[in-house]
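Q: I have a model open and want to learn how to read it. Can we go feature by feature, beginning with the ligand?

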Amino acid sequence: MDTSGPIRPRLPSPVWDVADPWLAERGVELRLKRDDLIHPLVPGNKWRKLTPNLRAAVEQGHTRLLTFGGAYSNHIRAVAAAGAAHGLSTVGVIRGDELAGAPRNWSLARAEEHGMELAFVTRSAYRETLRGLSENDPGPLRGLEERWGSAYVLPEGGTNVLAAGGAADLVAELPDLGSGDVVCCAVGTGGTLAGIAAALPAGARAVGFAVLKGADGYLEGEVAELHRRGWGRAFGDWRIEHGYHGGGYGRVPVELEAFAARFEERHGVRVERRYVAKMLWGVYGLAERGELAPGSRVTAVITGPPDPEGSAGAVGAAGSAGTKGSAGTEGSAGTAGGGRPEA
Ligand SMILES: *Cc1c(COP(=O)(O)O)cnc(C)c1O
C-alpha cells in the first residue's frame, strides 16, 4: 500500500443516476453523489473534512496530528493515511484500553501501517478528555501535549468548523440544485450535514439521517452550533431524521441488511452499512411515507465505501470483547451482526 506522496483526490466526485421504478412511481428521482470514490485511503466526507484541517496544521507549523476514535473508526484510518501523505506524524487516541493487548483489527492495523501511533485509553478517560477539549478546559490538552508533544488536535470524528466548510464544497459540485432538490447524508457528528446545509442554494433542502440512537436534539444542537461558529448565522433548510438508526451505532437489524442487500443487487453498487445504508433506508422510508413530494430529486451523498470484504469486525461479524457499551454495541438477536462502538 502506498503510504506516501500527495493524496490525489478524484474531484469532482461522480454523480450517478439511479433508475428505480418504485421511486419513479412516487415521482421521486434519485442520484448518488459518489464521494466514496474520492480516494481509496482518504475517502468520502473524511477527505472533505480533513483537507482544510491538514492545510491549517501545515500552515501553523505543526508536524503532528492527534485525534480520537473507536476501534473501527473511519476517521482514524483517514487521518493516518492523510498525515502520512503530508509528512505529518499521527497519534490516534483509541477508546478502550482492553484493545491494547489484543491482536489489531483490520482498521487499527491499517492505521499503524500508515505510521500512526496508537494510544489506548479507558472509556472513562476517553470521555473525560473529549469533554474537557470540547469545553476548552486546558487540562486535557496539556496532558496530551506533555505525552505527545505539540500537535494539531482534531476532535473525534474530525468535525470542527473547518471540516464543515470542507463538506460544504461538495455542494459546489452540484451546480444544478434548486427547489425540489433534497440532499441527503448520514449523520454521525453532524459536520457533513452542517456544511451541506450552509452551502445550499435557495429552495434546496438537506435531510440528515442519524446513525446514533437517542441523539434527537443533541445532533441538531451540534449542527446549529457549527453554523453559528462557522457562518455566524442559522440556516432553516435542513433537518435530521431519527427513525433510521437501526437500533444504534453499528447496529444493522435484519430489515436494514435486507434493504441494503436488495439495493446492492438492483443497482450494482456496494453499500457501506454503518452510515450509508441507513441514509438510503431513510430516503426510501421518506418516499414511502409520502414525505418527498412528487417532483423531488434526491441527491444521496455516499459518504464512504464499504468495509473491505470479509474483514473481521465488519458489520455482520460478531462484536468482539470490549465492545460492550451503551450505544448499541453488542451483537444481539434480531440484528444481522454485532455492532461496535465508534464515532
Ligand atoms: C464519518 C462518516 C460519516 C459521519 O459524518 P459526520 O460529519 O460525522 O456526520 C458518515 N458516513 C461515513 C461513511 C463516515 O465514515
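Q: What lies 2.8 Å from an oxygen atom of the ligand in the side chain of K46?
A: A polar contact is a pair of N or O atoms within 3.5 Å; within protein, one must be able to donate a hydrogen and the other to accept it, and residues adjacent in sequence count only if both atoms are side-chain atoms. Here, an N or O atom of the K46 side chain is 2.8 Å from a ligand oxygen. G188 uses a backbone N or O atom, 2.8 Å from an oxygen atom of the ligand. In T303, a side-chain N or O atom sits 2.6 Å from a ligand nitrogen. The protein covers 97% of the 390 Å² of accessible area that the ligand has on its own (Shrake-Rupley method, 1.4 Å probe; for residues, only the protein chains shown count as cover).

Q: What should I know about the model itself?
A: This model is predicted: local features need pLDDT of at least 70, side-chain atom pairs count only at pLDDT 80 or more, and totals for chains, interfaces and linings use all residues. Residues are numbered from 1 along each chain as its sequence is written, and side-chain values use heavy atoms, leaving out hydrogens and water.

Q: Which residues come nearest to the ligand?
A: A residue is near if one of its heavy atoms lies within 4 Å of the molecule. There are 14 residues around the ligand, and K46, K49, T189, T192 and T303 come nearest. By class, the shell has two nonpolar, ten polar and two charged residues. Ala, Val, Leu, Ile, Met, Phe, Trp, Tyr, Cys and Pro count as nonpolar, Asp, Glu, Lys and Arg as charged, and the others, Gly among them, as polar.

Q: Which element gives the largest share of the shell?
A: Helices (H or I, at least four residues) and strands (E, at least two) are DSSP runs, numbered from the N terminus. The largest share, three residues, comes from α2.

Q: Is S73 buried or exposed?
A: Buried means under 20% relative accessible area, exposed over 50%, partly exposed in between (1.4 Å probe, protein chains only). S73 is at 1% relative accessibility, so it counts as buried. S73 lies in the loop between β3 (64–69) and α3. An unreviewed UniProt entry lists S73 under "active site"; UniProt positions are given in the numbering used here, feature names are shortened, and annotations may be inferred rather than shown by experiment.

Q: What is the phi of N136?
A: N136 has a positive phi of about 55° although it is not a glycine. N136 is exposed, with a relative accessible area of 67%.
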